[in-house]
Amino acid sequence: NYLEDLYEIIDRVIEEYVMEKEYKEFIKLLKYFVNIQESKIELINIVVDKRGEYHFFDEYNKLINNEYIRGLIADLVDNNLNNDDMLVSALITIAPKKIVFHFVGNVKNTEIIETIKNIFDGRVYMCNNCKICNMNRGIREE
């Protein structure tokens, strides 16, 4: 029994190691792709409402509706996107020079923030009290 348990543990550790290695390679590939393409927008503000949904604003604080974002990525993926998939796909597609998250505490899947930080190395910022935050308190409360 002891050896069986030991082999099980070793198998799990190896599996986790391989998954982590594949994840890092995938992130590296996405990072490369983002870095070689031209930015389609200078700055994107992402306001996360209480339901965990993302609202996109440009550098002029104008709402970029989700239909527009979906249109940008329609050629890359099918229509079965969840919010996190749409977010990552949209960001990779438009490759903004700067990404600012507002009300990041409302993000349901916190791992997605780390993934985005890894892909957009040095371009991701968190905000919790700025002009955009104050303008969008209503979105936060929805």
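Modeller: The expected span of a helix is 1.5 Å times one less than its number of residues, where helices (H or I, at least four residues) and strands (E, at least two) are DSSP runs numbered from the N terminus. What you see above is a predicted model, in which local features need pLDDT of at least 70 and side-chain atom pairs count only at pLDDT 80 or more, whereas totals for chains, interfaces and linings use all residues. Residues are numbered from 1 along each chain as its sequence is written, and side-chain values rest on heavy atoms, with hydrogens and water left out.

Biologist: How many helices and strands does the protein chain have, and what pattern do they follow along the sequence?

Modeller: The protein chain has six helices and five strands, and their pattern, read along the sequence, is α-β-β-β-α-α-β-α-β-α-α. Contact means heavy atoms within 4.5 Å, and of the contacts in the protein chain with a separation of 6 or more, 67% join residues 24 or more positions apart.

Biologist: What span does α3 reach from its first C-alpha to its last?

Modeller: With 12 residues, α3 reaches 16 Å, close to the 16 Å expected at 1.5 Å a residue. A95 follows α3 and has a positive phi, near 45°.

Biologist: How many residues of α3 are buried?

Modeller: Buried means under 20% relative accessible area, exposed over 50%, and partly exposed in between, with a 1.4 Å probe and protein chains only. In the protein chain, buried residues make up 38% of the 142 residues. In α3, 10 of the 12 residues are buried, so this helix is largely enclosed by the rest of the structure; among them are D84, M86, L87 and V88.

Biologist: Which residues of α4 are buried, and what covers them?

Modeller: An α-helix has 3.6 residues a turn, so residues three or four places apart point the same way. In α4 (residues 111-119), the buried residues are I112, I113, T115, I116 and I119. They cover an arc of only 160° around the axis, which puts them on the same side of α4; the arc is that of the directions from the helix axis to the C-beta atoms. Their cover includes α1 (2-36), β2 (54-57), α3 (83-94), β4 (98-102) and β5 (124-127). One of these buried residues, T115, has a relative accessible area of 15% and touches Y23 and I27, not counting residues up to four places away in sequence.

Biologist: Where do N61 and F103 lie, and what is the phi of each?

Modeller: N61 lies in the loop between β2 and β3 (63-64), and its phi is near 65°, a positive value in a residue other than glycine. F103, in the loop between β4 and α4, has a positive phi of about 60° although it is not a glycine. N61 counts as partly exposed at 22% relative accessibility, whereas F103 is buried, with a relative accessible area of 2%.

Biologist: How many disulfides does a search of the whole structure find?

Modeller: A disulfide is a covalent bond between the sulfur atoms of two cysteines, and here the term is applied to a pair of cysteine sulfur atoms within 2.5 Å. The search finds zero disulfides. The sulfur of C127 is 3.3 Å from the closest cysteine sulfur, in C130, which is too far for a bond. C127 counts as buried at 17% relative accessibility, while C130 counts as partly exposed at 24%.
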